[in-house]
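This briefing goes through a two-chain model, topic by topic. Please keep the sequence and the coordinates open while reading.

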Amino acid sequence: MSGVMKRMGMIFRAKANKALDRAEDPRETLDYSYQKQLELLQKVRRGVADVATSRKRLELQLNQLQSQSSKLEDQGRKALALGREDLAREALSRRAALQQQVTDLETQHQTLQGEEEKLTLAAQRLQAKVDAFRTKKETIKATYTAAQAQTRIAESFSGISEEMSDVGVAIQRAEDKTAQLQARAGAIDELLASGALDDQSGLQKDDIQAELDRLSGGTDVELELQRMRAELAGGSTSQQALEGGAGTPQDQAQQQSQSQTRFDKS
Amino acid sequence: MIVRIMGEGQVELADSHFAELNKLDDELLAEMQRGDGEGFRRTLHALLDTVRQLGEPLPDDSLEPSELILPSPDATLDEVRAMLSDDGLIPG
């Protein structure tokens, strides 16, 4: 799907998200909108009350006119009974004028009544709509909260996965490094063993050096043996002197110290 | 998949119908790019009729995001072109 449908969908979503992002919290916008609707409903109700008040005022006026009309009719009848036809004529003509007003007011009353019924119906419908909006608003708010939570979870997951991949990369790097070092060590061993690389540590020796060392080491051993033999030859006389009790003051002190040490230990 | 017809509501469509709709949709885009107003109107109506016919309408109070959006039946070529321009569907 790459035509109009997809493109419109993408643009719509991008724009809707932008519009939502701009609002600090869409839930607040919904609450504000609900508040506005309640205000509108209040206005409509006030309108209904105003129309009803006007209707009642008209009804009062009609009652007054009708009672005046009845009064004029009575007056005309009385005037006629008293033989005052002129007065009766006057009363009836005034009554006729009042009747015209009554008819006009009755028409107005009917119009107002119709208006009031319409407004009452509109107020009821609006009330139903506001109630429906309130329910929908709460649902949207709940959905938004859930979506937010889902986003947070998704973000946490992606964060974790990123961390895990970081760890993975670090391990991989460590493994590579180890393998590289092992390979290098192996290569150096081989090179040292073959004599292609000089050993700076002195741990590795070639065959010739080893033989030379062995020979010189052997000379040292011979020299040491000679020295020890000479010591032993000279040492037998001093042993005899010691057994005879003629020791030097240092020897005596040493003997004392040894006996003290033994005493202490027991 | 859920498709919104602007000004009408949402319908749910099985993915199997998309090959058919794709053809009309591509035709619509081509007509729009060509500036063929009459063809655009005819194809748009055909596309909308197909969506209405094949789709299952969603209730008005459902809160499903639409994956695809179609212009309203009375949308003109210029209006749709404006919708798809940088200003998009919602100004700003």
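In this predicted model, the buried residues of helix 3 of chain B are Leu77(B), Val80(B), Met83(B) and Leu84(B). They lie on the same side of helix 3 of chain B, because the arc that they cover around the axis is only 125°. An α-helix has 3.6 residues a turn, so residues that are three or four places apart point the same way.

**Make-up of chain B**

- Chain B contains three helices and four strands, and from the N terminus on these elements follow the order β-β-α-α-β-β-α.
- Chain B has 92 residues, of which 42% count as buried, and its accessible surface comes to about 5,000 Å², with 49% belonging to carbon and sulfur atoms.
- When contacts in chain B are taken between residues at least 6 apart in sequence, 69% of them join residues at least 24 apart.

**Make-up of chain A**

- Chain A has five helices and zero strands, so that its elements, read from the N terminus on, run α-α-α-α-α.
- Of the 266 residues in chain A, 14% count as buried, while the chain exposes about 20,700 Å², 55% of which is supplied by carbon and sulfur atoms.
- For chain A, 76% of the contacts between residues at least 6 apart in sequence join residues at least 24 apart.

**Nonpolar cores**

- The largest nonpolar core has 27 residues, and those with the most contacts inside it are Val3(B), Val51(B) and Leu70(B).
- At least two residues of this core are supplied by each of the following elements: helix 1 (4–22) of chain A, and, from chain B, strand 1 (2–5), helix 1 (18–34), helix 2 (37–54), strand 4 (68–70) and helix 3 (77–84).
- Helix 1 of chain B provides the largest share of this core, with six residues.
- Apart from this core lies another one, of eight residues, which include Leu72(A), Ala91(A), Leu98(A) and Val102(A).
- Which residues does Leu70(B) touch, if those up to four places away in sequence are not counted? In chain A they are Met5(A) and Met8(A), and in chain B they are Val3(B), Arg4(B), Ile5(B), Met6(B), Leu47(B), Leu48(B) and Val51(B).

**Salt bridges**

- Over all chains, the structure holds 13 salt bridges, and three of these are described here one by one.
- In chain A, the side chains of Arg84(A) and Asp86(A) form a salt bridge with an N to O distance of 3.2 Å; Arg84(A) is partly exposed at 40% relative accessibility, and Asp86(A) is likewise partly exposed, at 48%.
- A salt bridge of 2.9 Å, N to O, joins the side chains of Arg227(A) and Glu231(A), which are four residues apart in helix 4 (residues 207–243) of chain A and therefore separated by about one helical turn.
- Within that pair, Arg227(A) has a relative accessible area of 42% and is partly exposed.
- In chain B, Arg34(B) and Asp36(B) meet through their side chains in a salt bridge of 3.7 Å, N to O; Arg34(B) counts as exposed at 57% relative accessibility, whereas Asp36(B), with a relative accessible area of 26%, is partly exposed.
- Glu73(A), Asp74(A), Arg77(A) and Arg95(A) are joined into one network by salt bridges that share partners.

**Aromatic pair**

- A search of the whole structure finds one aromatic pair over all chains.
- Why does the pair of Tyr34(A) and Phe133(A) count as stacked? The centres of the two rings are 6.4 Å apart and their planes stand at 15°, and planes under 30 degrees apart count as stacked.
- The pair links distant parts of the chain, since Tyr34(A) belongs to helix 2 (residues 26–81) of chain A and Phe133(A) to helix 3 (residues 85–194) of chain A, 99 residues apart.
- Tyr34(A) counts as buried, because its relative accessibility is 14%, and the cut-off for buried is under 20%.

Key:
Residues numbered from 1 in each chain as written. Chains lettered and ligands numbered in written order. Predicted model: local features only at pLDDT ≥ 70, side-chain atom pairs only at ≥ 80, totals over all residues. Heavy atoms only, no water. Buried < 20%, exposed > 50% of the residue type's maximum accessible area, 1.4 Å probe, protein only. Contact = heavy atoms within 4.5 Å. Areas by Shrake-Rupley, 256 points an atom, 1.4 Å probe, with all protein chains shown as cover. Salt bridge = Lys/Arg side-chain N within 4 Å of Asp/Glu carboxyl O. Core = buried A, V, L, I, M, F, W, Y, C linked by side-chain atoms within 4.5 Å. Phe/Tyr/Trp six-rings, centres within 6.5 Å; stacked < 30°, edge-to-face > 60°. Arc of directions from axis to C-beta.
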